[in-house]
Amino acid sequence: MKKILVCGAGGFIGGHLVKRLKADGHWVRGVDLKQHEFSELPADEFVIGDLREQSVCREVLDRPFDEIYQLAADMGGAGYIFTGEQDADVMHNSATINLNVVHQAQKVGVHKIFYSSSACMYPEYNQLDPDNPKCAEDSAYPAAPDSEYGWEKLFSERLYLSYARNYGMQIRIGRFHNIFGEEGTWQGGREKSPAALCRKVAEAPDGGAIEVWGDGLQTRSFLYIDECLEAVRRLMDSNFAEPINIGSEEMVTINRLAETVMEVAGKSLSLKHIEGPLGVRGRNSDNNLIREKLGWEPTMPLIDGIRKTYQWISAQVERQHSQSADRSYGTA
Ligand code: GKE
């Protein structure tokens, strides 16, 4: 049994990770600004704290944990990251957390630390052709991320790698490619496209229409949360200490993503393409390195993950509608 700290345990990936680590039989302390929004986590301890404060880092990072998973960040989907309106907060909050966590981890002699980087750190010039994006790990330089969020992810990768070189810390870095699943943000502006489109389809009457940002021909790949966690655990148990893609190679257009959601919902809806924050034109994971280094790669078809996610989000939509109906009839 390992002693583990999960930073960002109240978030989407962090919350699922706590459940996985507890299922694997470890002792887990979680820390986040808030409790998990959707479920009661089985963590042994859960600290509500702000990792931008060094005092909080000293409090939660008080022993040489066997493993730390650093997932705490100021982040969200295209509607939050690519408008540019949150750039200062995103850079300051996320970089401060990473500077505090890695410094304190080194001081207390933490054995191994996982840092969640992002495909957003890849240069925009390799993501202009929606049919042929290049996101192999060695394509990171010359650096040119299309967002400040991506620049902070790249800076923090270099921060962790510097601690590995200068202090001999065991560092593992996963570059996440749009992770999705149940119990993630699905409304309010920070949601990513899988959850957003599930919500829009769930709320639309059959035969209606849903809004899609851009022409919908932009491409992405989406990795279901269980496969993300499997990759993270395998990476932590490996000796591979360079950044590595954790994503799906099943690249789809956003229009196709919307059609996949409609398929699992059994609804026929038209797509209304509107202006919106778009991010890069094309992106797909490149899993040659993970196949080579971990002898593993994600295999779950997108539609299987969308089916589970849609089922959960449509239930959230249903619950929200019945609660507002109760309020309006005064029966709540
Ligand atoms: N969020 C959202 N909501 N995106 C939409 C919508 C909508 O209603 N309609 C169309 N899109 C389009 C966006 O304009 C973008 O072109 C594409 O879907 C994907 O948006 P996304 O899923 O919000 O985020 P991205 O994949 O562009 O970027 C995310 O990548 C992750 C790592 O790969 C980032 O926002 C981070 O959440 C994360 O680093």
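This is a predicted model: local features need pLDDT of at least 70, side-chain atom pairs count only at pLDDT 80 or more; totals for chains, interfaces and linings use all residues.
1. Local features need pLDDT of at least 70, side-chain atom pairs count only at pLDDT 80 or more, and totals for chains, interfaces and linings use all residues. Side-chain values use heavy atoms, with hydrogens and water left out, and residues are numbered from 1 along each chain as its sequence is written.

2. Oxygen atoms of the ligand lie 2.7 Å from an N or O atom in the side chain of K200, 2.9 Å from an N or O atom in the side chain of R220, and 2.8 Å from a polar backbone atom of G76. The protein covers 99% of the 710 Å² of accessible area that the ligand has on its own, as computed by the Shrake-Rupley method with a 1.4 Å probe.

3. Helices here are DSSP runs of H or I with at least four residues, and strands are runs of E with at least two, numbered from the N terminus.

4. E183, in the loop between strand 7 (179-180) and helix 6, counts as buried because its relative accessibility is 14%, where buried means under 20% relative accessible area (1.4 Å probe, protein chains only). Its contacts beyond the neighbours within four places in sequence include F12, H36 and W312, contact meaning heavy atoms within 4.5 Å.

Note on methods
A polar contact is a pair of N or O atoms within 3.5 Å; within protein, one must be able to donate a hydrogen and the other to accept it, and residues adjacent in sequence count only if both atoms are side-chain atoms. Buried means under 20% relative accessible area, exposed over 50%, partly exposed in between (1.4 Å probe, protein chains only).
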